[in-house]
Amino acid sequence: MELSGSVALVTGGGGGFGSATVTRLVERGARVVVADLDEAKGEALADELGDAVRFVRTDVTDDDSVRAVIAAAEDLGPLRVAVVVHGGPVAGRRIVDRAGAACPAGAFERTVSVFLTGTYRVLSLAAESMARNEPLESGQRGVVITTASIAGYEGQAGQSDYAAAKGGVIGLNLTAARDLAPLGIRVMCIAPGTFFTPAYGMTEEEAEARFGPAVPNPRRMGRTDEYARLAVAIAENDYLNGEVIRIDGAQRFGVK
Ligand SMILES: NC(=O)c1ccc[n+]([C@@H]2O[C@H](COP(=O)([O-])OP(=O)(O)OC[C@H]3O[C@@H](n4cnc5c(N)ncnc54)[C@H](O)[C@@H]3O)[C@@H](O)[C@H]2O)c1
């Protein structure tokens, strides 16, 4: 798919992966709607990148909010690309803690609601919009790129909520690609390893010292632009569909 002149939507567009992806999409000539809960980050990115970017405060856990940001994208033209890369809170607790208490199901549910149901909500409503597009010469109407994690395959201790949500995003991928195939809409998923972003809540030096040495090659954390370049390559290549691509420097998570 030709990105120049296309309209794209990026959920979590103000975040680490999101802002790198928005920047690359704009560089390729796309107009991008940044959908993020964080107004300061979203507005700052829109100011930095100029007219090609519009920020709409969005909560992926809310149908009306997601419908509104999709309508804002449609105002710019047919929505062709949706990159689903928002973050959210995680419980960060073992299923049974040292005191013998179970982590409440409510905490599990909150994580699944943002990371898995939120992904489904954006995917399905973006696809509903794309289904109304005139097909391109290639027969394609659009592409949705979701974001899992290698924790969806190798969940570490204390990550049950996050690993289950990300495993769900992985499981959703092929069936979504099959469901949307008759509409000419592709669905791809990126499963990143460890990339430094604000989500780590520490300095880059601290994160690199802690997580970089566990990556076989390159022996460092990933760079958000490496994710962004993969997202752009997926959007541009019509024959990529129904696959989950790990981008992790050959890292496989251990127990912790
Ligand atoms: N950084 C990593 O190492 C890594 C690895 C694997 C997977 N991921 C996944 O990549 C995605 C992005 O992570 P990141 O590292 O860029 O995080 P980040 O914290 O830098 O960015 C996440 C963005 O999502 C936004 N957000 C949070 N809740 C939202 C909501 N309800 N609606 C809309 N926006 C919301 C935040 O405001 C933030 O701007 C997440 O799904 C994360 O699980 C990250």
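Here is a short walk through this protein, from its overall fold to the residues around its ligand. Please keep in mind that you are looking at a predicted model.

Let's begin with the secondary structure. The protein contains seven helices and seven strands. If you trace the chain from the N terminus, the elements come in the order β-α-β-α-β-α-β-α-β-α-β-α-α-β. The radius of gyration of the protein is 18 Å, close to the 18 Å given by the globule rule for 256 residues, so the protein is as compact as a globular protein of that length. Laid along its principal axes, the C-alpha trace spans about 60 × 35 × 35 Å.

Next, consider how the chain packs. Of the 256 residues in the protein, 42% are buried. The contacts tell us about the reach of the chain: counting those between residues at least 6 apart in sequence, 68% join residues at least 24 apart.

Now turn to the ligand. There are 29 residues around it, and those that come nearest are Gly-12, Gly-15, Gly-16, Gly-87 and Thr-197. Two or more residues of this shell are given by each of the elements helix H1 (16-27) and helix H4 (105-130). H1 supplies the largest share of the shell, with three residues.

Key:
Residues are numbered from 1 along each chain as its sequence is written. This is a predicted model: local features need pLDDT of at least 70, side-chain atom pairs count only at pLDDT 80 or more; totals for chains, interfaces and linings use all residues. Helices (H or I, at least four residues) and strands (E, at least two) are DSSP runs, numbered from the N terminus. The radius of gyration is taken over C-alpha atoms; the globule rule is 2.2 Å times the number of residues to the power 0.38. A residue is buried if 20 or more other C-beta atoms lie within 10 Å of its own, exposed if 12 or fewer, and partly exposed in between; C-beta atoms are placed from the backbone. Two residues are in contact if their C-beta atoms, placed from the backbone, lie within 7 Å. A residue is near a molecule or strand if its C-beta atom, placed from the backbone, lies within 6 Å of it.
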